[in-house]
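Got the sequence and the model open side by side? Let's take a walk through it, chain by chain and contact by contact.

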Amino acid sequence: MDYLYILPELILVAVALVLLVASAVVDKGRQGFIPAVTAAGFLAAMVAVYPAIGQQSSIFGRMVAVDGFAQFFKVIFLAVGILVTLASAGYMAKQETSGGEYYVLLMFAVTGMIIMASSTDLLAIWLGLELVSMASYVLAGYRREDPKSNEAAIKYFLMGAIASAALLFGLSLLYGFTGTTNLLDLTNYEQKAMSGSAVLRVAMFFLVAGFGFKVALVPFHMWAPDAYEGAPTPVTAFFSIGPKAAGLAALIRIFPIGLAGLAGHWSILFAILAAVSMTVGNLTALGQKNIKRMMAYSSIAQIGYITIGLAVSSARSIEAIMYYVLAYVFINAGLFAMIILLDERGIGQKIEDYAGLSQRAPMAAAAMVVFFVALIGIPFTSGFFAKFFIFTSAVESGFMWLAILLAVNSAISVGYYYGVVRAMYLEAPKDPSPVKVPPSLGAVLLTGALATLAIGIFSEPFLRLIGLVSPVR
Amino acid sequence: MMLPYAWLIAALPLLAALAIMFFGRRFKNGGDFIGIAAIAVSFVLSLLVFGQLAGGAESYRFTFTWLNLGGVPVQNGIAVDNLTAVMLVVVTLVSMLVQIYSRGYMHGDVRYPRYYATLSFFTFSMLALVLADNFLLLYIGWELVGLSSYLLIGHWFENPGPRYASMKAFITTRIGDVGLFIGIIVLFLTTGAFGFPEVAAGVAAGKISGTLLTVAAVLVFSGAVGKSAQFPLHVWLPDAMEGPTPVSALIHAATMVAAGVYLVARAYGVFAESTSALAVVAWIGTITAVMAALIATLATDLKKVLAYSTISQLGYMMVGLGVGGYTAGVFHLTTHAFFKALLFLGSGSVIHALHTQEMHEMGGLVKKMPVTAWTFIIGTAALAGIPPFAGFWSKDEILLSAYHYNPVIFGLTLFAAFLTAYYMTRAVVLTFFGKPRDHHKHEHAHESPANMTGPLVVLAVLAVVAGLPGSPLMGNWFGKFIHFGEHEAEAVPAVMVMAIASALLGILVGYLVYGTKLVDRRKAIAVTRPVYSFLKHKMYFDELYAYTVIGGTQALSAVAGWVDKNIVDGLVNAVGWLGAQLGNISGWFDLAAVDGLVNGVAAVVSGAGRRLRRWQTGYVQSYALTFFATVIIGVIIYELIGG
Amino acid sequence: MNFPIVVNLYTLFFGLLALIALVAAYEVVTNRLITHAAFFLALVFVAIAGIFLLLGAEFLAVTQVLVYAGAVTVMIIFAIMMSQLNEIKIEECGRPPLTRRLWLKLVSSQWGLLPLLFAVVFALAMFGLYARAAWPMRALLVDSTGPATTNIELIGAELFTTYAIPFEVASVILLVALVGAIVLTGKEERS
Amino acid sequence: MSLPILTLIVFVPLAGSLLITLVPREQDKTIKQIALVATLISAAFVAYLWTQFRFGEPGMQFTERASWIPSLGVQYLMGIDGISLSLLILTGLLTVLAALASWNITHRSKEYFALFLLLCTGMYGVFVALDYVLFYVFWELVLVPMFFLIGIWGGPRREYAAIKFFIYTLAGSVLMLVGILAIYFQSGLGTFDMTVLAQHKYPVAWQWWIFLLLYVGFAVKVPVFPFHTWLPDAHVEAPTAISVLLAGVLLKMGTYAFFRIALPTLPDAARAWAPIFAVLGLINIVYGALVAMAQQDLKKMVAYSSINHMGYVMLGLAAAMAAGPGHAAAAKLAITGAAYQMFAHGLSSGMLFLLVGVVYDRTHTRDMNKLSGLYLTFPVWATFLAFGAFASLGLPGLSGFIAEFFVLLGAFPIFKVFVILATSGLVFTAAFYLMMMRRVLMGQKRPEYDQMPDANPRELTTLVPLTIMIIIFGVAPSILVNMMNPALVQLVAKLGGM
Amino acid sequence: MTAASVSQIPLAYVLIFGALLFGLGLYGALLRTNAVRILMSIELMLNAANINLVAFNQYLSPGYVNGQIFSIFVITVAAAEAAVGLAIILEIVRRRNIVDIDKINLLKW
């Protein structure tokens, strides 16, 4: 019976294997069907989540949790999978390197993310992390002929390896002191012993560093801008929404739930990291010329906002994080669809290449404005309510200084988002030829925009859903 | 019973003004007859009202709740009593005559309909002011009158003269109005109402007394100082002569400038309670009277002479009211309105004929323009205070009251009376008698048409007759009709004799100096060099304001030049100067300081952004170094501090 | 837990193995020739395997030798041979900033002390931590069911029951690594 | 009320805006007609509301309630009282006139009118919202269209002006949000309903700081002295119709927020803040007038005059806030004057900006040195400008005077010195308007403007209603005063601590 | 075998050895510029972690094997990681003919 609950993962691996064989057997010319099959695979897995809804148990030797939290993130990761597949269909078709393996690696990466989110054992979470990382290293270097892609891969790999070594060292210390790597056991490990021991505090630092690297919190973020700029654009899109969301899910499972005993220590640590990430992310993004690098810093800042929720770690702030992740995923997917389009059409990655876009692709430009307005946090968008909930949870738990820093950073973020909007609307286009949006990218743009507005205006159903699935009561 | 319909008297000119403004162009000569017809009807109505009140009907008052501010009712309405009746007659009569006169004078003017519309609008505002039963409606009329005078002075706004004069007039009177504004507020807050009777009752009941009452009274009086061009806010009236002469006659001689005096009379209840306030009124009146008279003696422009003469006579009226001669002041107001209007219209007729206002280009016009000349002489006689004429009776009353009040004031006013006679004789002699100094102009000078000389004759008759009601001949009827309180200054024959003597002496000296060759003027000027030049330059008031203005402006403009180039050309106006200087400083401050602050913050933020970008060196090992450095240092700090 | 000086047969044997491992590791890190470094790496792995044996983790020792010493080292050497890394001429690509060049001089000297410094500092930091930490001992799990089972039986049992999912995930990771390596370094002609 | 009239008023323009996005770009005419019709419908609803409004009754009328985010206590709550009704009328009138005034916008007219209607929705929304979050959402919503309208269709330095406006207001409103949230948590009532939160008693010391947060948010919008530097730039660069709305309605959102939020919820802090308000009001009046005098650009001068007029509102508020039980009558006068000034300034500044727009449309310059003798070249236009100028400088008999008179009348017993200094503002205001008229209207006719047409019928249809309204509300203010009375009396009672 | 050695060799010795090894690995990874050498150093760090795991398992939870299983997984992942790493390094060597990590900084600022 337990296998029913891990059906989505099994489906993903099965479809991936089929595709692996297909891409090897079918010659390059007729590989058009692969993206469609990938998307179908993700959809099937999403449907497969249904039987597990409403269940609450821990299976496979208390390794895998079957709870609302896991299902919520499974659905989000599969949605990410679909969005990225759609977004990269056009782009990948144009690349010389064989297209098939790209989707295989993508599916394995999403599997890894699901494992990270639904495991209650540090070992399983670490393995999930490694699976996502392995796939990401290869994806980063996918465009072999582009030196930037190679460089992105090597940098991401080396930093990733070092970070996972550090994480491992921390895990070993944690295992040493508590004798177990299972989060469920850790939760009922009595609190006083835990917060007293110096070993655990050091282990905590290594853990925070390891996961901090994954979600690119400042000062562990330095790989992100280079990897984002170097990697092929659809991969950058995936980096900005996939692994980060998984990292956050894991962080929620490990710290607020698992190491609740150490709350006093890591909450201050996360608060500092959040403050630094927001400020550095926004300030550095101000002067960026390349839009992918700007989006890297923007997403670092967004993760900084979310980490406030982690620092506060009250029931309401965890819900706020989940809402923010939901909103963030759709906003970035939509934004990157447009960036992929312009990169694919060779219009360029510089912000000034976006000049006069509003005349060349009016609907797409309007959608971009919706996304930027959401990222800034103007009402009627999911971005506003996301920040609003984080804001309320911070103010409620007395983190007033973080709330005000959030407000100030939103004002600073106007600076660089405005740069792109100004280019699109206030500059004259170099060549006024209209830019046609292909259906697949159009679909991603539309879902992103609709989701941003819907999640924003009708936030009540989403809030109630998150309330149900929230792991922390 | 005509009284309830008194508001019609004011409404008619307003309707006429609107009619002319919208449909004026359609009619043959700009719809001026609408204006004249309306004012004629109003005049008749005023006479009826005056008749009823003279016949003993008691005053009529109609009030309604204009506004209910959450339980605080604000009353508004109109009232007609003896004082109003007199003013109604004076205003409507002079306005009618001026409008008739203007048909000739303003004939062929480019904005003829607009002139008549504004004139009717002025009459409406003046009548509204007079009919008001409370300070609020009076203030509204007060400002509307200021507006119409601004429009009329600036009638020929193509050339620069009227442009500056109109603005100067409005702003200077506005300074006075601010004083009145605060006075009204103080009175309302203490006595709880705007209505004149209520305020007077409140003051009498001691709701406001002592220094606060004096301050309130002086504040109200400051409004009058502004409007009636008393010292020190008198600078605008001489410049107001830039406007058309009929305007000067109506507004700057008879009605508007008299509004200040009317205000003090109407609010006499407030003034009477505070002796020091009355003293202020009296002294300001005296200073203005003497000062203006002195300047008038040397003015070369005919209209300027009359302007300064008006300021001097207004000073007289203020003295009348100040010394307790309530009736005297009001009586002089009415008589002055007639003969000063006559003099202005007369000078208008002369200017119309000769197209110049400079007296040394005139001379010997008595033969050319007999009607204008003789009516002008009658006016002069009335003004100088020769017995049978109106001016004598009213000025005599004032001198009488001044005599009882304070000998110094009496002396000065007597000296002013002498000066009045002197400069009027000089004006008459230079204009109408002696050899014509400018033959070219003299040749085609001709008598003005009927519609101009007609009003002159009517006013001349009034100048003679108007004095009688106040004279003992008609049993001092005017005193009974308009009085405040009971006391009646008993006649002192000596005062009357001295008054007549000073007037005759003035005429004699004036004739001697200008009429005959006996006095060598050049030598006389040489002897009185300092006094002469002092007076010639109108006591340097304009220069005083101008010097402090231009000097101050040039100094500041060097500093704030680029902010406001065209203010540097030196506004001849105390307020304009003060405002301009402060404006420049705050303009500069606004741009540099406050804006700078905001842009500064933006610069800091983007600077920080640039430096942080440098931190991303591109060497993956420096990334790893930062990674581990954070962990190690974090652990050490945490352990050390965390403990 | 203080730091007793215990001298007996086991500690001597452990000391020897540890010394070999540390010297080999030092060589891996500092030897100029990358191939020699690779050989020393193999030696490190074997020494560690010995220590595992000493500590009673036989299965682990065997895995260590097979996977690490065997597979990984061979792969590294193969990669080195493939790319003739030794004679690679340094291709000038922008001079690193002054601070790094100074740093490199200090570091690259043959007998540089820095590697030891790093190791010792880290060890001391960790020692400070361990000394203060009170390691809680867990009660000896006496498996009442079967006879005194050996290490391998225990691992076998645990591996395929509680750690089933991680086992599967590990296999997927290896698959991804395989696919990735092929994708990245596959021949040009496929495209 | 069967018909949810307030929701209709707010969302009809939004529907119009969506409708316009569907219309193809070329049909310029239909786009403009849709925009005009949308504003007319909303204005008609406001008029209908005016007839149905129960005058004597205090408290909120026509309230509409629906749950939005129950878990946070956020509701979709709307309602109006006398003050908001008067501002709705002003907004209704000005939006229709602005739609007419932007008839000659041809450059990308589709986006222009879509954003224009979005702006209308935001403005209506602010005045009717009774739930803090709903209020904040509409308050921020106004930002985005305003930014684009200035940024794309503005004058030469439009980008700088647009971004400055955006950052100023955003920073202010963010601090306001912190204030609102603090109130929400401090009250612990778990609801964002303004009226409910206003009843709660907050600790006095705490109130002061929250008032500071709210003050910054609102002061940026009013604008009050230190935060005003965005206004002249925004006005000079904004297209005519937009600066009419900016001056006519947007400035009132700041002061309205004081009436609706700051004063009733934090009465004790209000009393402590009263002197500060009075000083700032005074600075606004005097400083605004003086700087206006130093301006060369006609539109910038009118912008600074707006700062001057809003100073009276601040002074009126200050008097009402400081008035203890002793000065209840004076407080009533002052606060009525302040509320009246919001309406009167809307009319007169709206008219002035329309007129400046007309002259700019003809001569393409606003520099007063290049314009002179316009009485002769544009006689009809010149008379309207003179009328507008006199209305603005507070000529009695026109609406401006009533407001300023009652503010000064009410504020006198409480802040004697400030009122006397403020009356000097009356003289300076008169001075700079007259200087403007002397330089622009009088003087020789300029040949280069000679053949240009005078105000055309369309422009007249925008100017005449305003003139009539200014006269009506100058002569018979009781219409507006009776409407606002119950709400103001309630507010004064609350402030007075009764 | 297990009981005897555990009681003989104090836990501290093994942990110190592990820490020293980790230190050497850290030095290699952070300061050496040859990519392959960095890879090898990372392997050292992973091994150090393994030693820790095994030591903790044998000394502190005798009879359990979760520590050893953990290190088994670490070994497999390390192998996979080495494979991918070498693939990437070879790719760079083939494309740009450099192995010195400091030469690779096209992406910066």
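Predicted model: local features only at pLDDT ≥ 70, side-chain atom pairs only at ≥ 80, totals over all residues.

Residues are numbered from 1 along each chain as its sequence is written, and chains are lettered from A and ligands numbered from 1 in the order in which they are written.

Let's start with who touches whom. Two residues are in contact here if their C-beta atoms, placed from the backbone, lie within 7 Å. There are seven pairs of chains in contact, and chains C and E share the most contacts among them. Other pairs don't meet: chain B and chain C have no contact, with their closest C-alpha atoms 9 Å apart. Chain D and chain E don't touch either, and there the closest C-alpha atoms lie 26 Å apart.

Now look at where chain A meets chain E. Chain A puts 30 residues into this contact and chain E puts in 32. On the chain A side, the elements giving two or more residues are helix 6 (122–140), helix 7 (147–178) and helix 11 (223–230). Helices are DSSP runs (H or I, at least four residues), strands are too (E, at least two), and both are numbered from the N terminus. Helix 7 of chain A gives the most to that side, with 17 residues. Sorted by class, the side of chain A that touches chain E has 17 nonpolar, seven polar and six charged residues. For this sorting, Ala, Val, Leu, Ile, Met, Phe, Trp, Tyr, Cys and Pro count as nonpolar, Asp, Glu, Lys and Arg as charged, and the others, Gly among them, as polar.

On to chain E itself, which has four helices and zero strands. Its radius of gyration is 18 Å, well over the 13 Å that the globule rule gives for 109 residues, so chain E is more spread out than a compact globule. (The radius is taken over C-alpha atoms, and the rule is 2.2 Å times the number of residues to the power 0.38.) Along the principal axes, the C-alpha atoms of chain E fill a box of roughly 55 × 25 × 25 Å. Buried residues make up 73% of its 109 residues. A residue is buried if 20 or more other C-beta atoms lie within 10 Å of its own, exposed if 12 or fewer, and partly exposed in between, with C-beta atoms placed from the backbone.

Chain C has seven helices and zero strands, and buried residues make up 31% of its 191 residues.

Back in chain A, zoom in on S136(A), which lies in helix 6. Is S136(A) buried or exposed? It's buried, with 26 other C-beta atoms within 10 Å. Leaving aside neighbours within four places in sequence, S136(A) is in contact with A109(A), Y156(A), F239(A) and P243(A).

Last stop, chain D. Strand 1 (residues 61–69) and strand 2 (residues 74–80) of chain D pair in the antiparallel sense over six bridges; pairing takes at least two bridges found by DSSP. Across that pairing, S67(D) stands opposite Q75(D) in strand 2. The two strands form a hairpin with four residues between them, and G73(D) in the turn has a positive phi of about 80°.
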